[in-house]
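Let's walk through this one together, chain by chain. Have the viewer open and follow along.

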Amino acid sequence: MIRLFLGFELGKFAKYYKTKTGAKILTTLLFALVFLFVAAGIYSFFVSGFRTISFETDADIRAAITLFIYEVFLIVLAGIVIVSSLISGIFNLFRGGYTNWLISSPSYTLFPRIVFMKSFLASLFPSLVMFIPALLALQKVFKIGITGGVLLFIAIIIFILLLNALTLFTLTVVSFVYYKIAEQVRFVQFSFKGLVVLLLLITTLIVGVISFQVKSVDLVQLFRAENVDDTTINITTIGSYFDTLPSHQLALLILHVQNKELTSGVTTFFILCLIALVALILWRITSSLYYPVWQKLQEGTGLGNENTTKTLEAKAYRFTGSSTQAIFKKEMLVSSRNMKGVLWFLFLMFIWLMQIGANLVLGNNIAKYQPDVNEKLILLQTFQFIIALYFTAAFTLRFVFPSFSTEKKSAWILGSAPISIKKIFYGKYFFYSVLFVTVGVLMSIINTSVLGLSITNALHSLVLLVVSVLAIVTFGLSLGALFPNTETDDPEVISTSMTGFFFTALALFYGAISTYVLREMLTGGNSALEILFIISTLIVTGLLAILTPRYLSSTTKKALS
Amino acid sequence: MLKVHNITKHFDTKIAVDGVSFEINSGEIFSLIGPNSSGKTTIVKSILGLLKPTSGTIEIDGHNIVKSPEQAKALTGYIPDEPTIYPYMTGEEFLYFTQALYNIPEKTRTKNLPNLLKTFNLGGVEKQYFEEYSRGNKQKFSITAAMSHNPKLLLIDEPIVGLDPTGAEIAKNLFVEYAKNGGAVLLVTHTLPVAEEISQRIGFLKNGKLVAVGTLAELKKQADLPKTATLEDVYKKLA
């Protein structure tokens with residue numbers, strides 16, 4: 001069965017190119033372009049980072065700083081992999097579509113293994129996008145050699161395997177314990193929503209504990225010049241803060257490979273393999289626990305439950321107002337009640353908050369130890385700005401861009417109603433613009449208050465961010481409406497279409513220009529460029545918003561069928 | 001009420017509908033039957049403006065669906081073969097939403113709701129999400145929604161599939177009553193006894209072409225079958 005599944009997954013690639021081959025080759029090329037763009041950015045980031053580290057003359061301090069950076073980087077990466085695997089795991093394991101045929105077969109015990117494989121493959125690819133340029137940068141700066149490179153490459157795959165095993169092990173155990181408690185204790189009700197909330201609480205708790213642990217490392221204090229002779233400042237000191245975390249062995253391994261300590265490296269590699277093996281065995285033993293939980297979750301939630309009925313009654317939408325307002329409200333309703341969508345939204349917010357946290361630590365250290373902070377603040381403000389824009393692009397790609405294509409199966413409702421495509425477009429457009437501009441303003445206010453910027457500088461960021469967010473949302477919705485995906489209604493797959501990649505490239509490019517304009521304004525006071533940029537963006541955005549619904553081609557009508 | 005004139009629909013090189021013409025008058029139930037892939041659903045979707053015909057014209061009460069889709073659609077109600085509705089919307093909300101799309105005044109929507117729910121005895125389940133409904137309940141809400149704005153033309157694609165016997169009986173009576181009150185019905189189905197029971201005229205589609213049209217008696221004659229023959233016999237002969 002596993003072989004069949006792998007064959008099916010691999011066969012998908014071959015099948016993919018069988019129809020519309022030209023367009024799909026172009027999609028692949030666009031993907032390669034976006035990939036190269038991102039990889040080049042990551043590569044240069046790591047090369048400059050590693051070079052800065054290599055300038056430190058004291059070997060102990062260099063090793064300690066390096067280990068600290070690797071530990072923090074891997075914790076962040078592990079956090080992203082774990083949370084994304086958790087979200088897809090909950091839905092694939094308990095709410096996946098088209099699983100009944102498998103669960104009703106005698107091979108139902110293989111189902112969790114398939115979910116694990118899917119989760120592993122899904123997180124491996126984006127992790128490699130990050131790690132491969134990092135490995136190349138390590139090779140460039142530290143000349144780690146082929147053996148070191150191969151060892152690290154395999155270690156990364158094992159690390160991702162470990163993270164997925166740990167995540168799915170935790171997911172199954174928590175859901176099973178919750179289910180059993182609900183069976184025994186009358187006032188505890190078992191539901192999918194309850195499970196999601198419980199897992200969110202556990203995740204928040206773990207993130208809180210780890211953040212506290214990392215925060216307790218006072219780097220500046222630790223590496224002050226007068227402490228150089230202190231023998232406690234070495235990799236053991238730093239390692240003691242992180243040795244309980246699954247990422248620690250990989251961080252140590254990278255350090256060993258970088259220092260060409262191959263024997264220690266191989267030992268660490270085997271320790272990592274051993275931990276991964278334990279995690280896999282734990283997952284394998286507990287994997288069958290999913291079954292009673294899966295059965296329970298097929299029962300639905302609100303049946304015959306008076307309390308649920310009353311709660312829903314209070315919330316029931318009546319779609320007052322015009323038909324355009326009805327579309328606006330429909331978008332609001334289906335988006336806010338789609339738990340998977342909400343979790344992905346929270347996930348992206350979580351990554352963004354991690355960046356805010358990093359800036360907070362950095363900002364505090366700058367303020368504490370460096371009196372002349374102006375120039376660094378501008379650098380941080382610009383950095384935050386581009387991060388906020390790239391998050392907006394990620395949100396838009398996941399939620400706004402697929403908005404027309406995801407109507408596919410229920411498109412008959414809008415398609416058969418006496419409502420023009422123009423009204424459908426504007427209903428969606430107003431909803432996403434209002435939502436994203438609100439999130440953008442919130443991002444800008446939090447970003448600027450974290451750094452304690454002057455009102456003038458904060459305003460420049462705010463105005464440019466609002467204009468840029470509006471532009472990105474307009475690009476996303478227009479492209480998604482003009483080139484809908486007729487092959488699937490899965491937003492995650494739609495995002496990887498040719499137009500999805502084109503949108504990504506466009507948003508990345510536009511974000512870079514917008515950031516350049518902000519930097520020019522902050523460093524050189526170039527307000528003419530800023531005004532020109534705002535006006536031209538507004539013109540292009542306005543034209544797109546007016547012309548798109550007019551020129552919505554028959555392709556969109558096809559998607560509505 | 002409905003005039004379909006010489007429509008054709010091509011999907012790339014495949015001809016799904018080939019020069020089909022028919023009319024449905026007010027107060028009439030017209031059934032389209034035929035084997036799988038004979039073009040039935042394509043015709044319904046073309047009438048609704050979900051697909052654009054390659055050639056030919058479709059008029060609903062004088063409004064051309066291609067030239068003035070909003071006016072034409074305002075007169076129709078649609079019950080699809082697969083009632084896929086937003087999974088996180090409740091049945092009650094869906095009824096409000098559909099009425100909003102058809103520009104029913106707010107006060108009327110609220111006033112209509114209890115009667116709409118009564119049609120299929122849906123009171124009590126209306127506050128659950130669609131993802132929790134059985135196929136039958138989804139279908140009941142979809143039928144109720146299609147009729148909530150009093151359309152002049154009802155387009156029904158496989159209405160009985162998934163309904164329990166009581167629900168199926170209610171649905172049949174509902175369509176008959178609707179036609180008696182002046183509504184026109186286009187019924188697309190494989191459930192031949194239903195088509196035989198409630199339709200005034202029946203059209204037989206084969207490979208995208210309307211090969212026979214008429215009352216059941218006329219169809220029997222065309223198929224050279226005795227008076228005792230059923231629609232199923234006609235189907236087997238023509239297919």
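Into which domains is chain A divided? Chain A splits into domain 1 (31-298) and domain 2 (322-559), with the bounds taken from an automatic or database domain assignment. Before going further, some housekeeping: this is a predicted model, where local features need pLDDT of at least 70 and side-chain atom pairs count only at pLDDT 80 or more, while totals for chains, interfaces and linings use all residues. Residues are numbered from 1 along each chain as its sequence is written, and chains are lettered from A and ligands numbered from 1 in the order in which they are written.

Now look at where the two domains of chain A meet: 15 residues of domain 1 are in contact with 16 residues of domain 2 (contact means that the C-beta atoms, placed from the backbone, lie within 7 Å). On the domain 1 side, the elements giving two or more residues are helix H2 (21-54), helix H3 (59-94) and helix H7 (192-215) of chain A. Helices here are DSSP runs of H or I with at least four residues, strands are runs of E with at least two, and both are numbered from the N terminus. H3(A) gives the most to that side, with 7 residues. By class, the domain 1 side has 11 nonpolar, 3 polar and 1 charged residues; Ala, Val, Leu, Ile, Met, Phe, Trp, Tyr, Cys and Pro count as nonpolar, Asp, Glu, Lys and Arg as charged, and the others, Gly among them, as polar.

Next, the meeting of the chains. Here 33 residues of chain A are in contact with 29 residues of chain B. Helix H13 (306-315), helix H14 (323-337), helix H17 (411-415) and helix H23 (554-559) of chain A each supply at least two residues to chain A's side, and H14(A) gives the most, with 6 residues. That side has 14 nonpolar, 13 polar and 6 charged residues.

Over to chain B, where 6 strands form an open sheet with mixed pairing, in the order E6-E7-E8-E3-E9-E10 (two strands pair if DSSP finds at least two bridges between them). Strands E6 (76-79) and E10 (209-214) of chain B stand at the edges with a single partner strand each, so one side of each has no neighbour in the sheet. From one strand to the next, the twist averages 15°. E6(B) runs parallel to strand E7 (residues 153-157) of chain B, joined by 4 bridges, and B:Thr76 sits opposite B:Leu153 there. Helix H1 (residues 40-48) of chain B packs on the sheet, its direction making about 150° with that of E7(B); angles run from 0 to 180 degrees between N-to-C directions, with axes fitted to C-alpha atoms, for helices over the stretch in contact.

Elsewhere in chain B, strands E1 (residues 2-11) and E2 (residues 14-24) pair in the antiparallel sense over 7 bridges. They form a hairpin with 2 residues between them, and B:Asp12 in the turn has a positive phi of about 55°. E1(B) also pairs antiparallel with strand E4 (residues 55-60) of chain B, over 5 bridges.

Finally, the cores. The largest nonpolar core has 118 residues, and B:Leu2, B:Ile47, B:Leu155, B:Val185 and B:Leu186 have the most contacts inside it. Such a core is a set of buried Ala, Val, Leu, Ile, Met, Phe, Trp, Tyr and Cys residues joined through C-beta atoms within 7 Å; a residue is buried if 20 or more other C-beta atoms lie within 10 Å of its own, exposed if 12 or fewer, and partly exposed in between, with C-beta atoms placed from the backbone. Helix H19 (residues 455-482) of chain A gives the most to this core, with 12 residues.
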